[in-house]
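Subject: Handing over a structure, with notes

Dear colleague,

I am passing on to you the structure shown just below, and I would ask you to keep it open beside the notes that follow.

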Amino acid sequence: MNRTMSSELRWTVLVVVLTVAGVVALWPRPDAYPDAAADTLPVAAERLAERPDDAALGPARAAAALPPCPVPSGAPVPPGPLADVVVPCLSEVGAVPLGAALAGRPVLLNLWASWCAPCREEIPVLNAYTARPDAIDVVGVVVRDRPADALAMADELDPLYPSVLDPDNAVQAALGAPPVLPTNWVVRPDGSAVRVTDPLVFRDPAQVAAAVEAALATTG
């Protein structure tokens, strides 16, 4: 009887060890989710995306001194995910019809928020990129943030490009953007948009230039 129990115990232990080993082998590795390097939107679950209070934001807008938002150039609006998206401008009173404002040229869209630490690191890199002779226009999109907080960060970091607000998540929904920040998208002249995934966070203006070139060379 003792021998039988001992044998059964050994088999039980073996089965448990093999089961644990199998679970460990199937457990997702951290590098399987590269977006984890960015800040996730659930981190800011309690941060409500506010629509701008234009009367209250006057002083903050003046202090931030952001470039004006893009306006329609008169070029035909191509079909694409942003063709019918209209969002408020961060730096001034008014709405921006993105499809018309970006039409006819390539644009780098940078989705950011004041609570996103990697976004803070990326803004100076994008500033340096805008000084390159081969740079395309950059437009920021403030996601899940309060306009006053975004303007305070802009006042501190002095972006050299305009930003719009996305209080209703219209831009994110249109692009099918993942719940991480920052995310960067190249909007091509035909209205299509390509997400930049290499790298997820720009560390050098040369990386921005290379990513833009690759996105513009992509077909489909």
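Two strands are said to pair if DSSP finds at least two bridges between them, and the strands themselves (E, at least two residues), like the helices (H or I, at least four residues), are DSSP runs numbered from the N terminus. Please bear in mind that this is a predicted model, in which local features need pLDDT of at least 70 and side-chain atom pairs count only at pLDDT 80 or more, while totals for chains, interfaces and linings use all residues. Residues are numbered from 1 along each chain as its sequence is written, and side-chain values use heavy atoms, with hydrogens and water left out.

I begin with the strands. E8 (183-187) and E9 (193-196) pair in the antiparallel sense over four bridges, and in this pairing Trp-185 stands opposite Arg-195 of E9. The two strands form a hairpin with five residues between them, and Gly-191 in the turn has a positive phi of about 95°. In a regular strand the side chains alternate between the two faces of the sheet. In E9 the covered face carries Val-194 and Val-196, whereas Ala-193 and Arg-195 lie on the uncovered one.

A parallel pairing is found as well, for E5 (137-143) and E6 (163-166) are joined by four bridges and run parallel, with Val-141 standing opposite Val-164 in E6. Together with helix H5 (147-157), these strands make a right-handed β-α-β unit; a crossover is called right-handed if, with the strands pointing away from the viewer, the path from the first strand over the helix to the second runs clockwise. Both faces of E6 are covered, since Ser-163 and Leu-165 on one side and Val-164 and Asp-166 on the other are all buried, where buried means under 20% relative accessible area, exposed means over 50%, and partly exposed lies in between (1.4 Å probe, protein chains only).

In the loop between E5 and H5 sits Asp-145, which counts as buried because its relative accessibility is 3%. The side chain of Asp-145 reaches the backbone nitrogen of Ser-114 at 2.5 Å. This is a polar contact, that is, a pair of N or O atoms within 3.5 Å, of which, within protein, one must be able to donate a hydrogen and the other to accept it, and residues adjacent in sequence count only if both atoms are side-chain atoms.

Next come the disulfides, of which a search of the whole structure finds two; a disulfide is here a pair of cysteine sulfur atoms within 2.5 Å. Cys-69 and Cys-89 form one of them, with their sulfur atoms 2.1 Å apart, and the pair links distant parts of the chain, as Cys-69 is in the loop between H2 and E2 and Cys-89, 20 residues apart from it, is in the loop between E2 and E3. Both of these cysteines are buried, and their link is right-handed, with 90° about the S-S bond. The other disulfide joins Cys-116 to Cys-119 (S to S 2.3 Å), and with 85° about the S-S bond this link is right-handed. Counted along the chain, the bonded cysteines follow the pattern 1-2, 3-4.

Cys-119 also belongs to the buried residues of helix H4, which include Pro-118, Glu-122 and Ile-123. How far apart are the end C-alpha atoms of H4? They are 21 Å apart, which agrees with the 20 Å that the 14 residues of H4 (residues 117-130) should span at 1.5 Å a residue, the expected span being 1.5 Å times one less than the number of residues.

Finally, some backbone details deserve a look. Most residues other than glycine have a negative phi, and most peptide bonds are trans. Ala-65, however, has a positive phi of about 50° and is exposed, with a relative accessible area of 54%, while Asn-169, with phi near 60°, is partly exposed at 24%. Cis peptide bonds join Leu-181 to Pro-182, with omega about -5°, and Asp-198 to Pro-199, with omega near 5°.
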